[in-house]
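Hi everyone, thanks for coming. I'd like to walk you through a structure that may be new to you, so please have a look at it with me.

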Amino acid sequence: MKRIGSLLLALVLCVSMTACGRKEEGNGASSGASSAPSGSGAPSQKLEGTVAKINLGADPKTLDPSLNSASDGNNVITNTFEGLLRDFGNGPEPATAEHYAVSDDGLTWTFTLREGAKWSDGQPVRAQDYVFSWRRTVDPKTASEYAYFLYPIQNAQEITKGEKPAEELGVRALDERTLEVTLAGPCDYFEELVCFPTLAPEREDVVDESGLWAKDPKKAVSNGPFYLTDYKLGSHLVLSKNPYYWDAENTKLDHVLCRMIVDASTILTSFKAGEIQWTDKAPTEEIPGLIASGELEVLPYISTYFYVINQNTPIEALKDVRVRKAISMAIDRQAICDMVTRGGQTPAMGYIPPGLLDERGRDFRETAGDYYLAPTAQAAQAQALLAEAGYPNGEGIGTLEILYNTDDKHKAIAEAVQEMLKQNLGLSVKLVNQEWAVFQDTRNSGNYQALARHGWTGDYRDPQTFLDMFMTVGGAPNPQSGNMYQNEAFDALMEKALASTGAERYDAFYQAEELLMEDGYIIPIQYNVQTVLSSPKLTGWYLSSIGKLYLGRAQLEE
């Protein structure tokens, strides 16, 4: 592996001379560099009072809670919308709902909204706003990528399949302040689920089908600590304090200026110049030095970086599980962590990352084990599998393409994998990059030749959030899987988990991940961490282990 080690060192040096944007996957959602140019970030009008300046990164594709599936959009929605409950790291607590009750069988949840809960235009938040939002999310006409989030609710699956109308979703407003939710079966993580932005309320008199309302300061209304007051494509957006928010007295910031800088070197320069006070992005080559100097903070992240293999690939060899496993075994994950990403990441030998506990309090990852993988490359075993499949030294496979979105880190990892597959298996690999918006559509539609970059961050602290993206939705592959994955046995295990609690539920999860790994359509690379540059003047911000940034209680010292 000496030659590969030398190549990786060269790649790192190459990255250090390249000015490219970097963005991590985040919030059970995809993230990447934006093709839009970075503007000056200057707001359209002078902002009075305390103004925190953060870097959002890419221009969000949408800010509509029902339509968003990306971390950049999620960081805005988390601060502008609020669900029934919220979680600041100590578990779910009352938010827009001041209290709730659960029936003895665990199937009926009754939430009572706060009397003072209001939208940013002063109108009261009503139980009907949740009914509208949740029905809209599961309605197949909306094409929400997170429709399956509501599967625990009665009739949600049937609605997404087009078998029942959205009006039959198990949610109803008993009056303006009382929301009743009926579940399809017991759900151990429902409290966590209702904290997530997809289950935020929406106003029927404001929303449009395209989601454009949420990016228009003249139309957008929200019920969280901030609301949208300025937006310039590819440049910036401004969030201002919502005076009608029920907890407004604890919102200390008057405005949050969110800049959209995607170039990693520019991000660092802007931070050092005081032009931004918070960012979770820095140039890859600078990370070790920033960690050593104490400027950059490394925080836990329930997140996995991986590749997916297109289940509908035109490459005949990839339809053989032995070939798929050989490719995964030929990758030196430890070398990638140590010499490419260099930010405290660890090799991934399974899909679900560390940090999630089962019903017995055991770490899911430690209990499930490493399957057929190891931190370093297993070249001999991989070569044997390839030969057994009829492709000794990669003969007859042809050139494989790896698709990734434009970004210095993604490029460096792809180049490392390219060389490892060449050296260890004799495979010819071509790298294909696309800008973020195009890449999302290409990967999620399965319109790529062989492999594609992917990443997933938990939307809540439960294995369900990692595994359910590989379930079929309405009888078709879930676009979020990125590889057109379909397996009836996997679906059956996940359906069993959805209908179970305790040990039975987690046994189904363990079996489901094992099946997913044995199928070989995903190639885990590393478990991510969060790296944050933050000004000491900005305090009180909260970044959860699932990547949600909350500024509702942040303060800025002058």
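Predicted model: local features only at pLDDT ≥ 70, side-chain atom pairs only at ≥ 80, totals over all residues.

Let's begin with the pockets. How much space lies in the largest pocket? It is about 480 Å³. Its lining is made up of 27 residues, and if you want to find its centre on your screen, look for Leu-67, Ser-69, Ala-143, Ser-144 and Glu-145, which lie nearest to that point. Two elements each give two or more residues to this lining: α3, which covers 127-138, and β19, which covers 476-477. By class, the lining of the largest pocket has twelve nonpolar, eleven polar and four charged residues.

The second largest pocket comes in at about 370 Å³. Among the residues that line the second largest pocket are Phe-132, Arg-135, Arg-136 and Asp-139, along with Glu-204, Val-207, Asp-208 and Glu-209. Here eight lining residues are charged, three are nonpolar and one is polar.

The largest cavity has a volume of about 210 Å³. Its lining takes in 18 residues, and those nearest the centre are Thr-78, Phe-81, Arg-86, Cys-195 and Lys-548. The elements that supply two or more residues to this lining are α2 (71-80) and β2 (85-87). Of the elements, β2 gives the most, with three residues.

Last stop: the helices. Two packed helices are described by the angle between their axes and the distance between the axes. Our pair is α8, residues 321-329, and α11, residues 379-388; they pack at an angle of about 160°, and their axes are 8 Å apart. Angles over 145 degrees count as roughly antiparallel, and α8 and α11 are therefore roughly antiparallel to each other. The crossing of α8 and α11 is left-handed.

Which residues meet there? From α8 we have Arg-322, Val-323, Lys-325, Ala-326 and Met-329, and on the α11 side they meet Gln-381, Ala-382, Leu-385, Leu-386 and Glu-388. Sorted by class, this contact has six nonpolar, three charged and one polar residue.

That's my tour, and I'm happy to go back to any part of it.

Key:
Residues numbered from 1 in each chain as written. Heavy atoms only, no water. 1 Å grid on protein atoms, 1.4 Å probe; cavity = no way out; pocket = protein on both sides within 12 Å on 5 of 7 lines; lining within 4 Å. Points joined across faces, edges and corners; volume = space filled by probe spheres on them. Helix = DSSP H or I, 4+ residues; strand = E, 2+ residues; numbered from the N terminus. Axes fitted to C-alpha atoms, helices over the stretch in contact; angles between N-to-C directions. Parallel < 35°, antiparallel > 145°, perpendicular 65-115°, else oblique. Left-handed = near helix turned anticlockwise from the far one by under 90°. Contact = heavy atoms within 4.5 Å. Nonpolar A, V, L, I, M, F, W, Y, C, P; charged D, E, K, R; others polar.
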